[in-house]
Amino acid sequence: MNRFDEADLRDALRRKEPPPGFAERVLRRAGREAALPGPRPGPGGPRLTGPRWLAWAAAAAIVLAAAGGVRYYAAQQERVAGEAAKAQVMLALQIAGSKLQMVQARVRGAGDERAPVPDRRGSGS
Amino acid sequence: MGEPVARIRDAAGHGEEPGDFDAILRRHQSMVFSLALHFLRDRDAAEELAQDVFLQLHRHLGSLTSAAHITFWLRKVTARRCIDYARRRRGRHVSLDAVPEPAADAPVPDSLLAGRLRRLVAALPEQPRLVMILRYQEDLTPAEIAGTLGMPVATVKSHLQRSLALLRGKLARVAGDIRP
């Protein structure tokens, strides 16, 4: 009949034995793989070779170099920013000085125009 | 054979010695091979895939702590490899609609019905196909399937319901008769 229930599905999908010699073929491959020289890849992929301390030392050196680089860069940036601020202050002082000179000159000019006039009241009556 | 492996005990306390990769292999070979065979419907590809799964197990056996863990790991890795394999050869995928329907002739003997069911299951999309195989080959519950495939239980149940409806529809189209 072209109808089915879950038992039919279980029957259709029941386990099948692998071809004869399957286990022996797997064991041979595993043996060959185990006999291969060199490190065997782990779950995360190939591993570093050499002593473990060497890997740690290399990692520490990389971290130190990176930290030093960052600090050097930060110091450079700070110095450049300081020099820029200094230049701006100098420029501001120059501008302020020239303005001050102009103001002084005007004040002096105004003083000359208001030179004191002799008081003649009472002298001719 | 193989490298030293921690002694592995199953839930009943039965131990397997390391070398017991051999014993583990023989105990689980039909499970792994059948998962691959029902998924791929290709004996050669299924054997190759199953061999690769056991070689991977051989490399990782030391990290597996119990017999139940090994079974879970084998199902999970086999399922993942089946999906990867199917994706690599996706160009040759046959959709469920493309599967020829059984001829509407005399009543079909059970063995033929089983064959048709296997073909229809093998034509399901990848995830529902794995769900159906784990459900009816391994007799896993939806929660166990969800744990193995890393998907929500509701998705597993949905795949089961829809796949059963699809299979019934395919066969009923010919027979015009569905058993409730």
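Q: Which ring does the charged end of B:Arg135 sit over?
A: The ring of B:Tyr136. The charged end is 5.6 Å from the ring centre. Keep in mind that this is a predicted model.

Q: And B:Arg129, which face does that one lie over?
A: B:Arg129 lies over the face of B:Phe39. The distance to the ring centre is 4.1 Å.

Q: Switching to ring pairs. How many aromatic pairs over all chains?
A: The structure holds 1. A:Phe22 and B:Phe54 form that pair, with an edge-to-face geometry. Their centres are 6.1 Å apart, and the planes make an angle of 70°.

Q: Why does A:Phe22 count as buried?
A: Because its relative accessibility is 1%, and the cut-off for buried is under 20%.

Q: B:Phe54, buried or exposed?
A: Buried, since its relative accessible area is 0%.

Q: Which residues touch the most other members of the largest nonpolar core?
A: B:Phe54 is one of them. Helix H1 (residues 21–40) of chain B gives the most, with 11 residues.

Q: What does B:Leu74 touch?
A: Leaving out residues up to four places away in sequence, B:Leu74 touches B:His28, B:Met31, B:Val32, B:Val53, B:Phe54 and B:Leu57.

Q: Now chain B as a whole. What pattern does the chain follow along the sequence?
A: The order is β-β-α-α-α-α-α-α-α. That is 7 helices and 2 strands.

Q: What share of chain B counts as buried?
A: 50% of its 180 residues. The accessible surface of chain B is about 8500 Å². Carbon and sulfur atoms hold 51% of that area.

Q: And the contacts in chain B, how many join residues at least 24 apart?
A: 64%, taken among contacts between residues at least 6 apart in sequence.

Q: What pLDDT does chain A average?
A: Chain A averages 81, and 78% of the residues score at least 70. Among its elements, helix H1 (residues 6–12) of chain A has the highest mean, 93. Helix H3 (residues 52–113) of chain A has the lowest, 87.

Q: Where in chain A does pLDDT stay under 50?
A: Over residues 42–48. The model has 5 contacts beyond four places in sequence for that stretch. Where pLDDT is low, predicted coordinates should not be read in detail.

Methods: Residues are numbered from 1 along each chain as its sequence is written. Chains are lettered from A and ligands numbered from 1 in the order in which they are written. This is a predicted model: local features need pLDDT of at least 70, side-chain atom pairs count only at pLDDT 80 or more; totals for chains, interfaces and linings use all residues. Side-chain values use heavy atoms; hydrogens and water are left out. Rings of Phe, Tyr and Trp (its six-membered ring) pair if their centres lie within 6.5 Å; planes under 30 degrees apart count as stacked, over 60 as edge-to-face and the rest as tilted. Buried means under 20% relative accessible area, exposed over 50%, partly exposed in between (1.4 Å probe, protein chains only). A charge sits over a ring if NZ of Lys or CZ of Arg is within 6 Å of the ring centre and within 35 degrees of the ring normal. Helices (H or I, at least four residues) and strands (E, at least two) are DSSP runs, numbered from the N terminus. Contact means heavy atoms within 4.5 Å. Accessible areas come from the Shrake-Rupley method with a 1.4 Å probe; for residues, only the protein chains shown count as cover. A nonpolar core is a set of buried Ala, Val, Leu, Ile, Met, Phe, Trp, Tyr and Cys residues joined through side-chain atoms within 4.5 Å. pLDDT is the predictor's confidence in each residue, from 0 to 100.
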